[in-house]
Amino acid sequence: MTAYAFVWITKYYTDYKYEPVRSLALASSTGHGTNIIAGVSLGLESTALPVLVISVAIVSAFWLGGLFGTAVATMGMLSTAGYVLTMDMFGPIADNAGGIVEMSQQPESVREITDLLDAVGNTTKATTKGFAIGSAALASFLLFSAYMDEVSTFSVDIAIPEVFVGGLLGSMLIFLFSAWACSAVGRTAQEVVNEVRRQFIERPGIMEYKEKPDYGRCVAIVASASLREMIKPGALAIISPMVVGQPLLGAKVVAAMLMFATVSGILMALFLNTAGGAWDNAKKYIETGVLGGKGSECHKAAVTGDTVGDPFKDTAGPSLHVLIKMLATITLVMAPIFL
């Protein structure tokens, strides 16, 4: 039930059939700034219902069966993995099909069909990311419980200054990781834009379809950056719990760090995933012909929002559920050292 609740909640906030995305599109009619403000507020609002669903799922599963009940609930969510993976693959396929149609100069009627499929794909991608966060929340609760069993000689009291600081460090870790992920996208986008501009200058026939662009160079830039830029965020996720858990601070501080990082990570991921999907589909909604359609000032504002939303929903957001699971796993494995 938790998985299906996530599907419907995410669909409501990211599908342009519903009011939130239509309101976001309407905000684009008054400029780029109002589009960004509306998108951020929509993303923040979208964290409420999923958190309530996760809370009910964890508490009810624990009351009914203890940690075993929570484990069964987690496996129940993961039992729909085949369906979720199917939805996850649909989005990129539809998006790439639209790109092929546009580059091959197909009739506008064909592009309209692929745009509709792309809009559905944006919703399904956001849905699968919400599902991933929900399952990560349940799994992280189990891993944290296992960690507390391993170090059961104490209880975590956030009134202790060192423990409270550990919680602050855990929350900070989420924001810093997200910042590095988004900035990596920005730097790589600048490299690609500069490369495209260089090719336009050196090969003026590209815009007249007399010369072919060097697609391989742009692909190489992106592929190289995807590996290089993730070294720093990955190292942050691995090294942080090891540093905080040294005997100087101890297992209590690591426990607080893990708790706060999990809570902050769930909320941040929900915000980033939903806001990004809503921005994308607001643009798609305008491209259907409402509010001026393609090329209008409203559409230009929506494109700005979509550009901001891409690193949100495609980089930082999906990475956070991996981060919180990794933190929980590392702290559990390193527990004897922390003690």
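This is a predicted model: local features need pLDDT of at least 70, side-chain atom pairs count only at pLDDT 80 or more; totals for chains, interfaces and linings use all residues.

Me: Then confidence comes first. What is the mean pLDDT of the protein chain, and which elements have the lowest and the highest values?

Reply: The protein chain has a mean pLDDT of 84, with 97% of its residues at 70 or more. Among the elements, helix α3 (residues 32-45) has the highest mean, 93, while helix α12 (residues 335-338) has the lowest, 72.

Me: Are Y12 and Y18 buried, exposed or partly exposed?

Reply: Y12 has a relative accessible area of 36%, so Y12 is partly exposed. Y18 is partly exposed too, at 27%. Y12 and Y18 also belong to one aromatic cluster with Y13.

Me: What about the rings of Y16 and Y285?

Reply: Their centres lie 5.4 Å apart with the planes at 35°, so that pair is tilted as well. The pair links distant parts of the chain: Y16 is in the loop between α1 (2-14) and α2 (19-28), and Y285 is in helix α10 (residues 251-287), 269 residues apart.

Me: Why do Y16 and Y285 count as buried?

Reply: The cut-off is under 20% relative accessible area. Y16 has 13%, so Y16 is buried, and Y285 is buried because its value is 14%.

Me: Which charged end sits over the ring of W180?

Reply: That of K232, 4.5 Å from the centre of the W180 ring.

Me: On to the core. Which residues of the largest nonpolar core touch the most other members?

Reply: Of its 61 residues, they are Y147, I174, I266, L272, L320 and L323. Helix α10 gives the most to this core, with 19 residues. Leaving out residues up to four places away in sequence, I266 touches I54, I133, A137 and I324.

Me: And the cysteines: how many disulfides does the count give?

Reply: Zero, when a disulfide needs sulfur atoms within 2.5 Å. As for accessibility, C182 is partly exposed at 22%, whereas C218 is buried at 18%.

Methods:
Residues are numbered from 1 along each chain as its sequence is written. Side-chain values use heavy atoms; hydrogens and water are left out. pLDDT is the predictor's confidence in each residue, from 0 to 100. Helices (H or I, at least four residues) and strands (E, at least two) are DSSP runs, numbered from the N terminus. Buried means under 20% relative accessible area, exposed over 50%, partly exposed in between (1.4 Å probe, protein chains only). Rings of Phe, Tyr and Trp (its six-membered ring) pair if their centres lie within 6.5 Å; planes under 30 degrees apart count as stacked, over 60 as edge-to-face and the rest as tilted. A charge sits over a ring if NZ of Lys or CZ of Arg is within 6 Å of the ring centre and within 35 degrees of the ring normal. A nonpolar core is a set of buried Ala, Val, Leu, Ile, Met, Phe, Trp, Tyr and Cys residues joined through side-chain atoms within 4.5 Å. Contact means heavy atoms within 4.5 Å.
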